[in-house]
Every structure is written in structure tokens, then in C-alpha cells.
Amino acid sequence: MTTVRTLLAVVALQSWHTTHMDVTNAFLYGDLTEKVSAAGFILSQNKYTLDLLKEFGMYQVKPLSLPMDTHLKLTPDKGDLLPDPTPYQRLLGKLIYLTITRPDICFTVQLLSQYMHQPTTVHMQAAKRLLRYLSGTHTQGIFLASTSGAHLTAYCDSDWASCPVTRRSTTGFCIFLGQSQISWKAKKQPVVARSSAEAEYRAMALTTCEVTWLTALLKDLGLQHLPPTTLNCDNQAALAIVANPVLHERTKHVEVDCHYIRDQVKAGTIIPQHVTSSD
């Protein structure tokens, strides 16, 4: 779906006329409910969202301002096992589809998805809380602008040792084409990071891979002369590792593939830049 979002963003940016796009993997023949304006258009799933809330009896509940309780740490053993995991699995399957246009729920959904094989009452309660958040934000979507520059800007972050069971960190990133958000992801890192700098560096590496792929895709779509991508990170130590080869001796425990980002900096593909955590 990142390819589809990127294509639609280029359509808005270049003022192309789109006549038809056939997505053959799911939800065929749906009605088009998006609002279209001269400045761009909204990519959303409002009607799908409403049907989901109605299906699980959460349409008229009191909305919440956050998709997840910030103090809640989910584990496999919290709560009682559900007698039938099917409703939870069905709900999470639909929420995963909803993340196509809702990056704000991406982190919560990837966290809840880790317990689909043996969900408990606590997991279901957290999932229903997410539905309460959606009930108050079902009109939100991704705005694809027609009046912005043709350049990529990326933001990445990590939640160091956030998993209470494995102590693996979580990577999060989002990438914009001009003012249009086209790619995002929240994903648990494959190995345990021994420092917050390593966790942030791995987040930068994954984001750089996505930027490299998007750059090639955009060239295929006609944007041949993109400037270097600004990669924003709030960790000064990770930025120092990228910029200073001397620090390599201190980072031998980091796998070699993470140093892919340094090669991209040398090639001029990306420009690492610090952004404050508050921003």
C-alpha cells in the first residue's frame, strides 16, 4: 500500500488525471467516499471505520483522546485467556487494514498483534480502548497535497527496550513526499539493543532502507532529480556514529548491515539531521 499512497501523492503533486486503479487484493468494488478539493485530496477509510465500530458495539461510546494507555505494559500473562480468540483475531485483522490510512494507530496495532495467538481479557480491553479512540477520530485521514515541493523528508525514533518480555526496542518512522505522508511503520527490532544509541541507529538504518526504495520508486514515476533526503533523528549519539567513522570501534556489537546508512550518507542519498524530542 505504500506504493499506492506514493502513486496517489505524485498524482496530486503533478496534477495528473487518474481514471482507474484496480486493487485486486482486498475490499473490491467499494464506494468512493473521499472528499476532493483543489489543494489535494484526503485518503481515508471513514465508512470502513464506522462499520467496524458498529460491528463491535463501540459506535456510540465516549471517545478517548489517546489510542492506548501510556502506562499500560502488555504481557502474554496479564488477564485471563479468552475462551475463543476468534473475535480478537478478527478485530485485529481489520485494524491492521485500517493502518493503511491511520499512522496514529500503527504502534498500538503492532503491539496488540503480538498477542493474536493467545489473547487475554486485558488485550481485548486494550483493543476496545483503541476503538473508543477511533470513534472520536473516524473522520481523520491522510492529506495528499498538490502544492508542495518534490522532496522526501523522513523522521525516525525508537522506544528502547520497550518490550517487557524480550527487552527488544521498537522502531518507528514516517516519510513525507513534500507535505504528503506516504510511508510509516512501527516494528519491533529483531535483536536486543545494548544502548539507546544502538536502538536509534537501527531505526535510522531501517528508515534509510525505506528511503532508498522510495527514491527508486519515485524515479520510476518520473521524479528523476530528487534532492538528498533529510533524515531527522533526536539522538545525538546515533548521529555521531553516522558522521564519525572513528566511532566504529565502539560499535562493533552492532551488526554490519546497520552500517548501510553510512554508505548512503557518503553517496549523498540522505542527510542526517537532529530534531529535538519535543518536536
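This passage describes the fold of one predicted protein model, from its overall make-up to single residues. Because the model is predicted, local features are given where pLDDT is at least 70 and side-chain atom pairs count only at pLDDT 80 or more, whereas totals for chains, interfaces and linings use all residues. Residues are numbered from 1 along each chain as its sequence is written, and side-chain values use heavy atoms, with hydrogens and water left out.

The protein chain has 8 helices and 8 strands, where helices (H or I, at least four residues) and strands (E, at least two) are DSSP runs numbered from the N terminus. Of the 279 residues in the protein chain, 44% are buried; here buried means under 20% relative accessible area, exposed means over 50%, and partly exposed lies in between, for a 1.4 Å probe and protein chains only. Among the contacts in the protein chain with a separation of 6 or more, 76% are between residues 24 or more positions apart, a contact being heavy atoms within 4.5 Å.

An open sheet is formed by 5 strands in the order β6-β5-β4-β7-β8, with mixed pairing; two strands are taken to pair if DSSP finds at least two bridges between them. Strands β6 (180–188) and β8 (270–274) stand at the edges and have a single partner strand each, so one side of each is left without a neighbour in the sheet. From one strand to the next, the twist averages 20 degrees. Helix α6 (residues 196–220) packs on this sheet, where it touches β4, β5, β6, β7 (229–233) and β8, and its direction makes about 150 degrees with that of β4; for such angles, axes are lines fitted to C-alpha atoms, for helices over the stretch in contact, and the values run from 0 to 180 degrees between N-to-C directions.

The pairings within the sheet can be followed strand by strand. Strands β4 (residues 152–159) and β5 (residues 170–177) run antiparallel and are joined by 8 bridges, and in this pairing Ala-154 stands opposite Ile-175 in β5. Strand β4 also pairs with β7, in the parallel sense and over 3 bridges, with Thr-153 opposite Thr-230 in β7. Strand β7 is in turn joined to β8 by 5 bridges, and these two strands run parallel; here Asn-232 stands opposite Gln-273 in β8. Strand β7 is mostly covered, since 4 of its 5 residues are buried.

Thr-171 lies in strand β5 and, at 3% relative accessibility, counts as buried. Its side chain is joined to that of Gln-189 by a polar contact of 2.9 Å, a polar contact being a pair of N or O atoms within 3.5 Å, of which, within protein, one must be able to donate a hydrogen and the other to accept it, while residues adjacent in sequence count only if both atoms are side-chain atoms. When residues up to four places away in sequence are not counted, Thr-171 touches Asp-157, Lys-185, Ala-186, Lys-187, Gln-189, Ala-203 and Leu-206.

In soluble globular proteins, nonpolar side chains tend to be buried together. A nonpolar core is defined as a set of buried Ala, Val, Leu, Ile, Met, Phe, Trp, Tyr and Cys residues joined through side-chain atoms within 4.5 Å. The largest such core has 41 residues, of which Leu-144, Leu-177, Tyr-201 and Met-204 touch the most other members, and its largest share, 8 residues, comes from α6. Apart from this core lies another, of 26 residues, among them Leu-91, Leu-111, Leu-112 and Leu-130.

The cysteines form 0 disulfides, a disulfide being a pair of cysteine sulfur atoms within 2.5 Å. Cys-233 is buried, with a relative accessible area of 0%, but its sulfur is 4.6 Å from the closest cysteine sulfur, in Cys-156, which is too far for a bond. Cys-209, by contrast, is partly exposed, with a relative accessible area of 41%.

Two residues other than glycine have a positive phi. Ser-15, with a phi of about 60 degrees, is placed in the loop between α1 (2–14) and β1 (36–37) and counts as exposed at 61% relative accessibility. Arg-167, whose phi is near 60 degrees, is placed in the loop between β4 and β5 and is partly exposed, with a relative accessible area of 46%.
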